[in-house]
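Biologist: I'd like to learn how to read a structure like this one. Can we go through it together?

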Amino acid sequence: MARKVADCRDTPSVMGCTLTISGEEEEVVRAAAEHAVSVHGHKDGPELRDMVRRSLKDERVPA
């Protein structure tokens with residue numbers, strides 16, 4: 001199973017957040033949603049978690 005990455009730099013924000021979270025898909029979605037709520041002021045719910053899930057990328061492993 002490929003590890004997933006959520007990177008705040010992919011979503012422009014006023015604060016210029018640079019946090020990157022990587023791991024298994026469900027743990028990344030959970031951690032990224034918690035970060036979006038606590039740091040960026042979003043409201044947690046299915047819509048936020050779906051948005052996070054759609055934005056995930058596969059982790060690139062150096063060759």
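Biologist: Let's start with His35. Which residues does His35 touch, not counting residues up to four places away in sequence?

Modeller: Here a contact means heavy atoms within 4.5 Å. With sequence neighbours up to four places away left out, His35 touches Cys8, Cys17, Leu19 and His40. Keep in mind that this is a predicted model.

Biologist: And where does His35 lie?

Modeller: You'll find His35 in helix 1, which covers residues 25–38.

Biologist: Is His35 buried or exposed?

Modeller: The cut-off to know is that buried means under 20% relative accessible area. His35 has 13%, so it counts as buried.

Biologist: Now for Asp7. Which strand is the place of Asp7?

Modeller: Asp7 sits in strand 1, residues 4–7.

Biologist: Why does Asp7 count as buried?

Modeller: Use the cut-off again: under 20% is buried. Asp7 has a relative accessibility of 17%, so it falls in the buried class.

Biologist: What does the side chain of Asp7 make polar contacts with?

Modeller: For this you look for a pair of N or O atoms within 3.5 Å. The side chain of Asp7 pairs with the side chain of Arg9 at 2.6 Å, and with the side chain of Thr20 at 3.4 Å. Thr20 also turns up in the contact list: leaving out residues up to four places away in sequence, Asp7 touches Thr18, Leu19 and Thr20. Leu19 is on the list for His35 too.

Biologist: Let's zoom out. How many helices and strands are there in the protein?

Modeller: Two helices and three strands.

Biologist: How many of the 63 residues count as buried, as a percentage?

Modeller: That's 29%. As for surface, the protein exposes about 4,700 Å², with 53% of that coming from carbon and sulfur atoms.

Biologist: What share of the contacts with a separation of 6 or more comes from residues 24 or more positions apart?

Modeller: Those pairs make up 39% of such contacts.

Biologist: Last one: how far apart are the mean positions of the positive and negative charges?

Modeller: Take the average place of each set and compare. The protein has 10 positive and 12 negative charges, and their mean positions are 3 Å apart.

Technical notes
Residues are numbered from 1 along each chain as its sequence is written. This is a predicted model: local features need pLDDT of at least 70, side-chain atom pairs count only at pLDDT 80 or more; totals for chains, interfaces and linings use all residues. Side-chain values use heavy atoms; hydrogens and water are left out. Helices (H or I, at least four residues) and strands (E, at least two) are DSSP runs, numbered from the N terminus. Buried means under 20% relative accessible area, exposed over 50%, partly exposed in between (1.4 Å probe, protein chains only). Accessible areas come from the Shrake-Rupley method with a 1.4 Å probe; for residues, only the protein chains shown count as cover. Lys and Arg count as positive and Asp and Glu as negative; His and the chain ends are not counted. The place of a charge is taken as NZ of Lys, CZ of Arg, CG of Asp or CD of Glu. A polar contact is a pair of N or O atoms within 3.5 Å; within protein, one must be able to donate a hydrogen and the other to accept it, and residues adjacent in sequence count only if both atoms are side-chain atoms.
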